[in-house]
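Please read this report alongside the sequence and the coordinates. It takes up the helices, the core, the pocket and a few individual residues in turn.

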Amino acid sequence: MTHGRLWLAKWYTRTIAVAFILVTISLVADYLQFGFRGETIHKLLHIGIGIALTIFAWNNERWWKPCCFADGVVFTTLALIGWTYPNLGGLDTFNLQDTVLHGIVGISGFGIGLYVRNEI
């Protein structure tokens, strides 16, 4: 049973895993409309992260806190790039919607990672 604050890191990790795997729906729709492009790679990266989290972190509490910090660093950085250079390179990765989503994932991950830092 998950104890203390660690349950928050567990459910953050699981939520991100499921949400990122669900990007498959968007990938298929985008690919059918536009074919292979930079956005395809962006979506594949999200799906890959979701699959990796499902395989390695779903029931492994040793992954939950590091996942929060890693997501915090990566996705907050992407959000900062998106805010600093909107629509960088014409990639959807840096459009307003994705920048906001990356910020939510990143800041919440980093915050949860800090919140559970004394667990384990």
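## Basis of the values

This is a predicted model, in which local features need pLDDT of at least 70 and side-chain atom pairs count only at pLDDT 80 or more, whereas totals for chains, interfaces and linings use all residues. Residues are numbered from 1 along each chain as its sequence is written, and side-chain values use heavy atoms, with hydrogens and water left out.

Helices are DSSP runs of H or I with at least four residues, numbered from the N terminus. Helix 1 has 16 residues and spans 23 Å from its first C-alpha to its last, close to the 22 Å expected at 1.5 Å a residue, where the expected span is 1.5 Å times one less than the number of residues. Its buried residues (buried means under 20% relative accessible area, exposed over 50% and partly exposed in between, with a 1.4 Å probe and protein chains only) include Leu 6, Ala 9, Tyr 12, Ile 16 and Phe 20. The cover over the buried residues of helix 1 includes helix 2, helix 3, helix 4 and helix 5, with contact meaning heavy atoms within 4.5 Å.

Helix 4, with 24 residues, reaches 35 Å between its first and last C-alpha atoms, close to the 34 Å expected at 1.5 Å a residue. Among its buried residues are Trp 64, Cys 67, Cys 68, Phe 75 and Ala 79, and also Lys 65 and Asp 71. Helix 1, helix 3 and helix 5 are included in what covers the buried residues of helix 4.

## The largest nonpolar core

A nonpolar core is a set of buried Ala, Val, Leu, Ile, Met, Phe, Trp, Tyr and Cys residues joined through side-chain atoms within 4.5 Å. The largest one has 15 residues, of which Ala 9, Tyr 12, Ile 16, Leu 53 and Val 105 touch the most other members. Two or more residues of this core come from each of helix 1, helix 3, helix 4 (61-84) and helix 5, and the largest share, 6 residues, comes from helix 1. Leaving aside neighbours within four places in sequence, Val 105 is in contact with Tyr 12, Ile 16, Phe 20 and Phe 75.

## The largest pocket

A pocket is an open set of points on a 1 Å grid over the protein atoms alone, where a 1.4 Å probe fits and protein lies on both sides within 12 Å along at least five of seven lines; lining residues have an atom within 4 Å of a point. The largest pocket has a volume of about 370 Å³, a volume being the space filled by probe spheres set on the points, which are joined across faces, edges and corners. Its lining has 17 residues, and Phe 20, Val 23, His 46, Leu 101 and Val 105 lie nearest the centre. Helix 1 (6-21), helix 2 (23-34), helix 3 (38-57) and helix 5 (96-115) each give two or more residues to this lining, with the largest share, 6 residues, coming from helix 5.

## Individual residues

Lys 10, in helix 1, is buried at a relative accessible area of 15%, and its C-alpha atom is separated by 8.5 Å from that of Ala 57, 47 residues apart along the chain. Glu 39, in helix 3, is buried at 6% relative accessible area, and, not counting residues up to four places away in sequence, Glu 39 touches Asp 30, Asp 92, Thr 93 and Asp 98.

Asn 87 lies in the loop between helix 4 and helix 5 and has a positive phi of about 60° although it is not a glycine. Most residues other than glycine have a negative phi. At 47% relative accessibility, Asn 87 is partly exposed.
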